[in-house]
Amino acid sequence: FIGVYERAEAFYNEALTRDPKWPIANNNKGIVLKVKGHYEEAIKYFRRAISYDRSYVEAYNNLATVYS
């Protein structure tokens, strides 16, 4: 799995360059950051995803897992 998270993060960085308000890309970048242990940064992306789509339950769940 070496490099998988780095490639995923690069993909989501590119996606967010094209559409910074895309909730799915914000959420998924948060997941990658959380897995890499960057919790504060992950929280920021989960909150962004929620701000762009208040009904995005997965982002709420991912945010909650950072605090658990």
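This is a guided tour of one predicted model, moving from helix to helix and then to the core and a few side chains.

Before selecting anything, note that residues are numbered from 1 along each chain as its sequence is written. Because the model is predicted, local features need pLDDT of at least 70 and side-chain atom pairs count only at pLDDT 80 or more, while totals for chains, interfaces and linings use all residues, and side-chain values use heavy atoms, with hydrogens and water left out.

**Stop one: helix α1**

Select residues 4–18, which make up α1; helices here are DSSP runs of H or I with at least four residues, numbered from the N terminus. This helix has 15 residues and reaches 21 Å from its first C-alpha to its last, close to the 21 Å expected at 1.5 Å a residue, where the expected span is 1.5 Å times one less than the number of residues. Now colour E9, Y12, A15 and L16, the buried residues of α1, buried meaning under 20% relative accessible area, exposed over 50% and partly exposed in between, with a 1.4 Å probe and protein chains only.

Rings of Phe, Tyr and Trp (its six-membered ring) pair if their centres lie within 6.5 Å, and planes under 30 degrees apart count as stacked, over 60 as edge-to-face and the rest as tilted. The structure holds one such pair, in which F11 counts as exposed at 51% relative accessibility and Y12 is buried, with a relative accessible area of 16%.

**Stop two: helix α4**

Next select residues 57–67, helix α4, where the buried residues are A59, N62, L63 and V66. They cover an arc of only 100 degrees around the axis, so they lie on the same side of α4, and what covers them includes α2 and α3. The face turned away from this buried side carries the exposed residues V57 and Y67.

Zoom in on N62, which counts as buried because its relative accessibility is 14%. Leaving aside its neighbours within four places in sequence, N62 is in contact (heavy atoms within 4.5 Å) with N27, I31 and F46. Then move to L63, which touches I43, F46, R47 and I50, not counting residues up to four places away in sequence.

**Stop three: the core**

Which residues touch the most other members of the largest nonpolar core? Select A25, F46, A59 and L63, which do so among its 16 residues; a nonpolar core is a set of buried Ala, Val, Leu, Ile, Met, Phe, Trp, Tyr and Cys residues joined through side-chain atoms within 4.5 Å. Helices α1, α2, α3 and α4 each supply at least two residues of this core, and α3 gives the most, with six residues.

The C-alpha atoms of H38 and V66 are separated by 10.0 Å, although the two are 28 residues apart along the chain. End at R48, whose charged end sits over the ring of Y45, 4.8 Å from its centre; this requires NZ of Lys or CZ of Arg within 6 Å of the ring centre and within 35 degrees of the ring normal.

Definitions and conventions:
Arc of directions from axis to C-beta.
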